[in-house]
Amino acid sequence: MSGNYKSVFDIIGPVMIGPSSSHTAGAVAIGRAANRLFGSIPEEITIHYYESFAQTHKGHGTDYAIISGILGFEPDDSRVPNAIKIAEDQGIKIKFIEEDEDSPIGHPNTAVCELKKGSREIVVSGCSIGGGTIEIRDIKMDGFHIKPKGPLPILLVQSADTQSTENISDKLSKINTINHHAEYAGAGHATMYEYDLENRLKDKDLNALSSDSTKMVYL
């Protein structure tokens with residue numbers, strides 16, 4: 001999946017959707033990352049806020065911003081301020097929880113997003129580090145527990161075919177700088193490969209990397 005970004009301003013320039021780049025624009029980006037990882041619209045959304053997010057989310061538009069991202073809206077979409085009502089009108093259950101303890105991922109602007117649909121559930125922990133830039137620091141999905149090491153972009157590749165994954169690693173190393181690479185074992189023979197990249201991939205590069213034997217998510 002392509003088109004994610006390190007900062008919302010890479011897409012929309014100086015346009016703001018709310019009073020704070022960290023609490024509003026960054027929240028959209030966290031929600032969009034969760035949307036890409038889940039791959040569909042959830043039936044239930046629970047957002048756990050920590051520290052600064054827990055204290056100011058209501059006044060800074062964090063709630064509607066993060067839900068709009070989970071719905072897959074672009075940051076400059078006119079529907080963003082109405083995202084909560086739009087979601088509820090679709091029958092999506094939404095809960096916001098203000099946590100008292102410190103952030104589990106070590107940043108004051110932290111949101112932990114739990115998305116559920118049927119028997120499937122993922123948990124995405126992200127933080128807004130300023131200027132609309134985010135980091136996704138913890139992902140639990142499909143039996144994997146992934147711990148990215150830096151800001152976006154990140155490419156996740158799930159495969160049971162070692163040769164296909166080696167081909168992807170080789171191609172990636174020729175078109176981008178891999179800042180961090182990790183492997184995570186899942187159920188059966190499946191493995192998740194994480195690539196934290198220096199630069200955004202172009203659509204043509206993503207198409208060249210795709211394989212019938214792999215499943216990719218690009219953040």
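Student: Is Arg-79 buried, partly exposed or exposed?
Tutor: This is a predicted model, with residues numbered from 1 along each chain as its sequence is written. Local features need pLDDT of at least 70 and side-chain atom pairs count only at pLDDT 80 or more, whereas totals for chains, interfaces and linings use all residues, and side-chain values use heavy atoms, with hydrogens and water left out. Buried means under 20% relative accessible area, exposed over 50%, and partly exposed in between, for a 1.4 Å probe and protein chains only. Arg-79 has 39% relative accessibility, so this residue counts as partly exposed.

Student: Which residue forms a salt bridge with Arg-79?
Tutor: A salt bridge requires a side-chain nitrogen of Lys or Arg within 4 Å of a carboxyl oxygen of Asp or Glu. For Arg-79, the closest N and O atoms of the pair are 2.8 Å apart. The partner counts as buried at 17% relative accessibility, and this partner is Asp-77.

Student: How many residues apart in sequence are the parts that Asp-142 and Arg-120 tie together?
Tutor: These two residues form a salt bridge whose closest N and O atoms are 2.9 Å apart. Asp-142 is partly exposed at 30% relative accessibility, and Arg-120 is partly exposed at 26%. Helices (H or I, at least four residues) and strands (E, at least two) are DSSP runs, numbered from the N terminus. Because Asp-142 lies in the loop between S5 and S6 and Arg-120 in strand S4, the separation is 22 residues.

Student: Which residue in the turn of the S5 and S6 hairpin has a positive phi?
Tutor: Two strands pair if DSSP finds at least two bridges between them, and S5 and strand S6 (residues 144-146) pair in the antiparallel sense over three bridges. Their hairpin has two residues between the strands, and the positive phi of about 50° belongs to Asp-142.

Student: How many of the nine residues of strand S5 are buried?
Tutor: Strand S5 covers residues 133-141, and it pairs with strand S4 (residues 120-130) in the antiparallel sense over seven bridges. S5 is largely enclosed by the rest of the structure, because the number of its residues that are buried is seven.

Student: What is the relative accessible area of Arg-32, the salt-bridge partner of Glu-74?
Tutor: The closest N and O atoms of Glu-74 and Arg-32 are 3.7 Å apart. Glu-74 counts as partly exposed at 36% relative accessibility, whereas Arg-32 is buried, with a relative accessible area of 5%.
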